[in-house]
Each structure stands twice: as structure tokens, then as C-alpha cells.
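Please open the model in your viewer and keep the sequence panel beside it. The tour below moves from one selection to the next and says what is found at each stop.

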Amino acid sequence: MAGFRDRDKKHFPLTDSASVISLFKEQIEGPNEPNLALLSITLGCIENALTMNRAIPAAEESALLRPIFPVVDLETVEALYAKFETLVRGSVDLTHYESKFSSRELVKKISDVVWSSLSRSFKDKAHLQSLYSFLTGNKLDCFGVALGVVAASQILGCNDIHLALSEDHAWVVFGEDGTDTAEVTWHGKGNEDKRGQSIALSVAEKSWLYLNGQPVICDRATEVAALVSAANPSINFTMDSIEMGALQQELLWLLYDKGHLSKYPMSLGNLGDLEEISPTPGRPPPLQIFQEAITVALKHYNNHHVYPYTYMGGYLYRKRRYKEAIKCWAEASNVIRKFNYTREDEEIYKEFLDIANELLPNIVKAVSLNPNDRVQLNILHNPEVYADILRFYDGICEWEEGSSTPVLHVGWAQNLTFSLNKFDPRTRAKIDVGRDEDSDDDSDKDSNDENDNQNGKLSKEKECTEKSGSLQRKDPQQALSVVVEDLKKEEL
Ligand SMILES: FC(F)(F)Cc1cc2c(N3CCN(c4nnc(C(F)(F)F)s4)CC3)ncnc2s1
């Protein structure tokens with residue numbers, strides 16, 4: 001049973017990041033399991049002090065110099081903790097739930113306790129992910145509700161209820177073998193919440209949102225990693241709190257060293273981003289951390305996570321290592337093609353749209369401006385890069401196939417042709433998409449080249465149109481699908 005023990009209290013008042021680290025360290029090292037409510041309230045309190053109302057009045061130059069780490073008093077945290085404990089214990093009568101393991105009804109009841117306390121104001125602002133936000137403002141984002149339900153479960157002694165995380169959603173697992181699942185929060189905008197329902201129904205759609213049954217299943221320490229990872233150092237659109245970012249970074253290294261990030265690719269991605277901003281002496285470089293996230297996804301999640309590749313791709317793009325960035329994006333596309341696109345997958349759609357319609361064209365423009373740039377080894381003459389761009393698009397076409405909603409629109413085709421046309425024909429001729437070798441009985445053999453190409457082209461187009469009815473449409477996107485259709489056919 002989690003409680004606010006004397007051993008917890010001795011760390012207070014927290015006066016600097018070292019005291020926060022030692023509180024988290026002791027909580028994680030045990031002997032008791034870490035107290036999620038205590039840690040979420042504490043970190044939320046610090047985040048609030050370091051990121052909210054930080055507009056520094058110009059007059060107070062000294063404000064820029066004075067250390068601003070907030071003092072976190074025991075009284076503050078204890079009062080908020082007691083408020084949460086009173087709410088949870090006061091609302092859930094455990095005598096109604098006799099079973100040793102939690103039931104779906106109990107999970108739904110705990111979700112209702114958090115849910116009914118929320119204010120109706122819009123929920124996609126920053127800094128709404130901690131119990132500090134919940135207890136001082138009755139506001140939580142989608143992740144925060146799920147974390148709140150798990151923290152409440154811990155207070156009730158329901159140690160079988162744990163957080164499950166996909167790349168854009170959160171829910172809980174529970175029951176005797178921890179395989180029962182339940183929605184406890186909402187997702188996205190304008191979607192009815194499915195709280196209380198099992199996830200099995202949604203996984204059937206093969207949607208990225210549920211990672212096709214490969215989410216991160218947390219234990220208490222990974223739940224601490226999630227609340228640390230969800231901390232948000234941003235003050236506003238252009239500024240981050242250096243102190244908050246440094247604290248988050250140190251906490252992630254503490255969790256990393258204890259192995260609690262070893263099955264959590266996104267937390268490794270967050271750590272890699274923080275190391276890019278402010279490298280920690282003696283720690284691995286960002287690229288190695290991003291690579292580790294990819295290895296985790298390959299090893300534990302059957303390569304069904306997209307973000308490990310887009311974390312690394314984004315980093316390489318920022319370092320102008322364009323060839324390697326494009327390779328990562330082709331790998332990201334190789335993951336998404338395993339899913340069917342559904343309307344709740346907007347977040348990852350926006351990620352691929354940004355790569356296709358902003359980043360790739362920017363790269364192609366940049367390298368065509370200075371073709372003799374030795375550093376870029378002029379990727380526009382590199383057949384591997386050209387093949388990776390085709391693989392990138394092929395994966396997105398396959399993602400669309402069999403999906404309830406279309407992915408591609410003419411804007412995609414315009415950007416595709418812009419990017420591909422910058423590659424010179426000789427390079428494009430060099431790639432091997434596994435076209436069949438000319439066989440003896442090739443009926444077109446006797447026709448001359450034009451006819452052959454013409455026939456070849458026509459018959460291929462005709463063949464595609466006839467065989468796969470979905471390609472009846474004649475607009476540019478149809479051309480794209482035919483191109484990729486051919487690629488895929490020949491690849492088979
Ligand atoms: F619980 C939800 F619903 F919020 C889903 C989760 C999101 C998320 C996360 N994110 C989301 C992905 N994210 C990314 N930042 N950059 C990304 C990339 F595009 F560069 F890959 S992905 C920031 C942190 N970081 C740790 N854990 C989680 S659990």
C-alpha cells in the first residue's frame with residue numbers, strides 16, 4: 001500500500017535538482033514500490049514553477065541571474081497528496097470488489113473518479129500531464145488521465161492495474177495475468193471516449209494507434225519513467241526552461257542506469273533529444289541513444305513502432321546528414337505499411353506528411369542548389385537514396401491499401417514528382433526493383449522498342465487497372481499507386 005512515509009518526508013524541502021534526484025532514486029530503489037502520486041505531484045509542482053508565468057519583466061535584470069529553482073515544501077506536497085488520497089478512498093468502496101485481482105467494473109469506477117473531477121476546459125494545452133495540474137486546476141490531458149487512474153489504483157492497493165502506452169494513446173492492463181485491457185481516457189478531438197471497453201476490439205482494426213497489440217506495458221518503475229518522460233520543459237513556443245530540461249534529463253539517466261527505459265523506445269527518444277540540446281559528459285551521443293530505441297523496438301515490439309525511426313531521422317536531418325535521414329524515413333515507412341490507416345491515426349499521418357511535403361523537398365532543393373557539395377556526395381546521383389525515397393512512398397501506399405480512409409491526395413503526388421524528378425535519369429535507371437529478367441517467351445520480344453515500351457507501359461497499366469479494381473481512378477494519385485503497384489508486384 002503506497003503511503004506518504006517518513007522516509008519520503010526526509011527529502012523535503014526540495015531546494016535543488018539534486019534533492020529531487022535523491023527523492024526519485026530512493027523511491028525507485030525501494031524497498032517499497034515508487035509512489036506515483038507523490039512523484040507526479042512533486043515533478044508537476046516543479047514544472048509549474050519553472051515554466052508557468054515565467055515572462056521575465058525586463059526591469060528585473062537580476063531575475064535572469066538569480067537561481068530560480070523552486071523550493072518544494074513538504075506541506076504543499078503533503079496537502080495535495082492528502083487531497084488525492086481522500087478523493088480516491090472516499091469515492092471507491094473496495095468492499096464492493098472482493099476479488100484478489102481487479103475487475104473491469106473497478107477499473108471503470110476508478111476512471112470515473114478521475115474523469116468526473118475534470119473541468120470541461122480544452123485539454124490539449126501543455127503542462128496538463130501531472131497530478132499537480134489535476135489537484136490544483138482539475139485539468140488533465142489524455143496521458144494525464146491514464147496516469148491518474150494508475151496512481152489512484154496504487155493508492156487503493158490494486159497492484160495489478162498498470163499503464164499501457166502506444167505512440168499516441170494510453171490505457172490500462174489488469175487482472176490475474178495482466179492481459180485484460182480497458183480504456184480509461186479519451187483520444188484525440190471529437191472522438192467519443194470508449195472508457196471501460198477492452199482494447200481488443202480496437203486492435204482488430206490494425207490501427208497504428210494501438211500498435212497492433214505491441215504497446216509498452218509498464219510496471220511501477222516504467223510508470224515513473226512515463227511521468228518523467230511526459231514532463232514538459234517548454235515555457236512558450238520559443239523558450240524551454242533549462243532547469244526543467246536538465247532535471248528531466250538527469251531523471252531519465254537515473255532510470256536508464258537502472259534499466260527502466262530498456263523497453264520504452266519513446267523515453268530513449270526523449271533522452272536523445274535532450275542530449276542533443278545539452279550533451280552530458282561521459283554519456284553516449286544522441287545517435288547511439290536513438291539506435292538503442294530502434295533496437296528495443298526490433299527486439300521487443302516486432303518492429304511495430306514508428307517513432308524510433310523518426311526520432312533518428314529528425315536528428316540526422318537537423319545535422320544535414322540527408323542520405324541517412326532518408327534511410328530512416330524509409331524504415332519508418334516500412335513499419336507503417338503493416339497497419340491500416342484509420343481516422344484516429346492523424347498524429348502519425350501528420351508525421352509522414354511533414355517528411356514527404358516539407359523535409360524531403362527541402363533536402364532535394366538544398367542539394368540541387370550546390371551540386372558540387374562534396375559533403376552531400378550529391379545524393380541526387382545516388383541510386384540508394386532514390387530507392388529509399390521509393391521505399392518511403394511504397395510503404396505509405398501499402399498503408400493506404402485495405403484502409404477505411406484514404407491517405408494520399410494529389411498534394412502527395414505533386415511532392416513525390418518534385419522530389420523524384422530532381423534525380424537524373426541515369427541514377428533512376430540504376431536501381432533494381434526486381435524487374436523480371438527478359439524471358440525467351442516474352443511476347444513483346446518481336447516488337448520494336450517504342451512499341452515494346454508503349455505496349456509494356458500500356459499492358460502494365462492495363463493489367464494493373466484490370467486486376468486491382470481499386471486502381472480504376474485516373475487522377476495523379478492513381479498514377480502513383482500504379483507506379484508503386486508495379487514496384488510491389490515486381491518485388492514479390
Ligand atoms: F500516452 C500518450 F497517449 F501520450 C502516448 C505517449 C506519448 C509519449 C511520448 N511522446 C510522444 C512522442 N513524442 C515524440 N517526439 N518526437 C518524435 C519524433 F517524431 F521525432 F519521433 S515522437 C514525444 C513524446 N513520450 C513518452 N511516452 C509517451 S506515451
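**A tour of the model**

Begin by selecting Leu163, which stands opposite Val172 in strand 2. Before going further, note that this is a predicted model, in which local features need pLDDT of at least 70 and side-chain atom pairs count only at pLDDT 80 or more, while totals for chains, interfaces and linings use all residues. Residues are numbered from 1 along each chain as its sequence is written, and side-chain values use heavy atoms, with hydrogens and water left out.

**The sheet**

Helices (H or I, at least four residues) and strands (E, at least two) are DSSP runs, numbered from the N terminus, and two strands count as paired if DSSP finds at least two bridges between them. With the remaining strands shown, you have an open, antiparallel sheet of 4 strands in the order 3-2-1-4. Its edges are strand 3 (180–182) and strand 4 (216–217), each of which pairs on one side only.

**Backbone stops**

Most residues other than glycine have a negative phi, and most peptide bonds are trans. Select Phe12 and Pro13, which are joined by a cis peptide bond with omega of about -5 degrees; Pro13 sits in the loop between helix 1 (6–9) and helix 2 (17–29). Next go to Gly30 and Pro31, where the peptide bond is also cis, with omega near 15 degrees, and where Pro31 belongs to the loop between helix 2 and helix 3 (36–51).

Move on to Asn138, in the loop between helix 7 (131–137) and helix 8 (142–155); although not a glycine, Asn138 has a positive phi of about 50 degrees. Asn138 is partly exposed, with a relative accessible area of 32%, where buried means under 20% relative accessible area, exposed over 50%, and partly exposed in between (1.4 Å probe, protein chains only). Then select Leu211, in the loop between helix 9 (200–203) and strand 4, which has a positive phi of about 55 degrees and is likewise not a glycine. Is Leu211 buried or exposed? At 0% relative accessibility, Leu211 counts as buried.

**Around the ligand**

Select the ligand and show the 15 residues around it, of which His169, Tyr264, Thr310, Tyr311 and Glu351 come nearest; a residue is near if one of its heavy atoms lies within 4 Å. Helix 12 (265–277) and helix 14 (307–318) each supply at least two residues of this shell, and helix 14 gives the most, with 3 residues. A polar side-chain atom of Tyr264 lies 2.6 Å from a nitrogen atom of the ligand, while a polar side-chain atom of Asn270 lies 3.3 Å from a ligand nitrogen atom.

**The whole chain**

Finally, select everything: the chain has 21 helices and 4 strands, and buried residues make up 52% of its 492 residues.

How values were computed:
A polar contact is a pair of N or O atoms within 3.5 Å; within protein, one must be able to donate a hydrogen and the other to accept it, and residues adjacent in sequence count only if both atoms are side-chain atoms.
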